[in-house]
Amino acid sequence: MIFRVIQPLSYAASFMLLPALCFNTRSFSGEYTPALPQGTILVEYYRGLEGQFLEQLTKIPAYPSQPTESELLPLFEIPVDHDDNYGTRVRGFVHPPATGDYTFWIASDDASELWLSTSEKPEQKVKIAGVSGWAPPRNWDAAPEQRSKPVRLEGGKKYYIEAIHKEGNGGDNLAVGWQLPDGKQERPIPGARLSPAEKPRPQSQMVSFKLTQPLPSTPGHHKLSAEFSGQGQKFTLPFLLFLPKDYAKTQDKRPLLLFLHGAGEGGISRR
């Protein structure tokens with residue numbers, strides 16, 4: 001692909017200096033997500049966060065829409081003792097096998113909260129259990145707050161469920177379990193009772209950008225190039241910069257227009 005900067009229709013709209021650019025390669029995730037099959041649940045990790053309190057996760061700008069990475073879990077439990085200073089959000093749907101009262105538990109190190117919706121809609125979720133300090137892996141009864149009150153669910157329906165968790169230093173874990181209406185306990189909840197809220201998204205990667213020569217200040221068209229690096233690769237990209245006649249006469253900022261086109265229009269193919 002070639003970058004070409006073209007003159008706008010209004011001649012007053014000239015250009016400011018070309019800024020340094022970077023591109024976030026995270027894939028787009030819209031509001032609509034097709035139903036995904038049962039068998040897993042989505043976990044999103046937020047790395048590099050100190051502290052053991054949930055506010056140190058939920059108040060960062062990247063939460064909740066920009067996790068460091070995400071993946072699917074085969075049951076409602078993250079790997080034990082795998083990192084320090086991070087947060088997680090595990091979310092998806094739970095599928096009750098029969099109508100009746102269900103009791104939920106959550107165990108974690110450090111703090112966590114368990115939220116359950118009255119339907120499949122996330123906006124209807126309410127907090128039903130939590131851990132304010134920490135608990136060993138799968139220790140469901142370290143504190144009364146880890147256990148929810150009985151919740152009436154209908155068999156054949158699905159309900160949005162979400163657990164958030166913050167880890168500081170030392171051991172770390174997070175797991176959610178439940179008791180079925182017939183008294184059977186599944187702790188943690190197996191993947192067969194779960195489905196993810198959405199597919200995992202690729203890890204965010206940043207691509208750096210720098211010019212290979214100084215920017216010109218004289219009016220007219222200038223053939224330039226820029227060097228991109230990231231994800232273990234480097235390449236040079238040519239582009240055409242146009243500066244209007246009055247560009248050098250003013251010091252105020254000017255708008256910038258980028259025209260992105262295919263190799264066919266540029267006459268050069270990078271393949």
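**View 1. A network of salt bridges.** Glu44, Arg89, Arg91, Lys125, Glu162, Glu198 and Arg201 are joined to one another in a network of salt bridges, shown here in a predicted model. A search of the whole structure finds 16 salt bridges.

**View 2. The salt bridge between Glu162 and Lys125.** The closest N and O atoms of Glu162 and Lys125 are 3.0 Å apart. Glu162 belongs to strand β10 and Lys125 to strand β8 (residues 125-131), so this pair ties together parts that are 37 residues apart in sequence. Glu162 counts as buried, at 3% relative accessibility, whereas Lys125, at 29%, counts as partly exposed.

**View 3. Strand β10 and its partners.** Nine of the nine residues of strand β10 (residues 159-167) are buried, with Tyr159, Ile161, Ala163, His165 and Glu167 on one side and Tyr160, Glu162, Ile164 and Lys166 on the other. Strand β5 (residues 86-94) pairs with β10 in the antiparallel sense over nine bridges, and Thr88 stands opposite His165. Strand β7 (residues 112-117) is also antiparallel to β10, pairing over five bridges, with Leu114 opposite Ala163.

**View 4. Arg47 with Glu69 and Asp83.** Arg47 forms a salt bridge with Glu69, in which the closest N and O atoms are 3.5 Å apart; because Glu69 lies in strand β4 (residues 69-73) and Arg47 in strand β3 (residues 41-47), the pair ties together parts 22 residues apart in sequence. Arg47 also forms a salt bridge with Asp83, with a closest N and O separation of 2.8 Å, and since Asp83 lies in the loop between β4 and β5, this pair ties together parts 36 residues apart in sequence. Arg47 is partly exposed, with a relative accessible area of 24%.

Definitions and conventions. Residues numbered from 1 in each chain as written. Predicted model: local features only at pLDDT ≥ 70, side-chain atom pairs only at ≥ 80, totals over all residues. Heavy atoms only, no water. Buried < 20%, exposed > 50% of the residue type's maximum accessible area, 1.4 Å probe, protein only. Helix = DSSP H or I, 4+ residues; strand = E, 2+ residues; numbered from the N terminus. Pairing = 2+ DSSP bridges. Salt bridge = Lys/Arg side-chain N within 4 Å of Asp/Glu carboxyl O.
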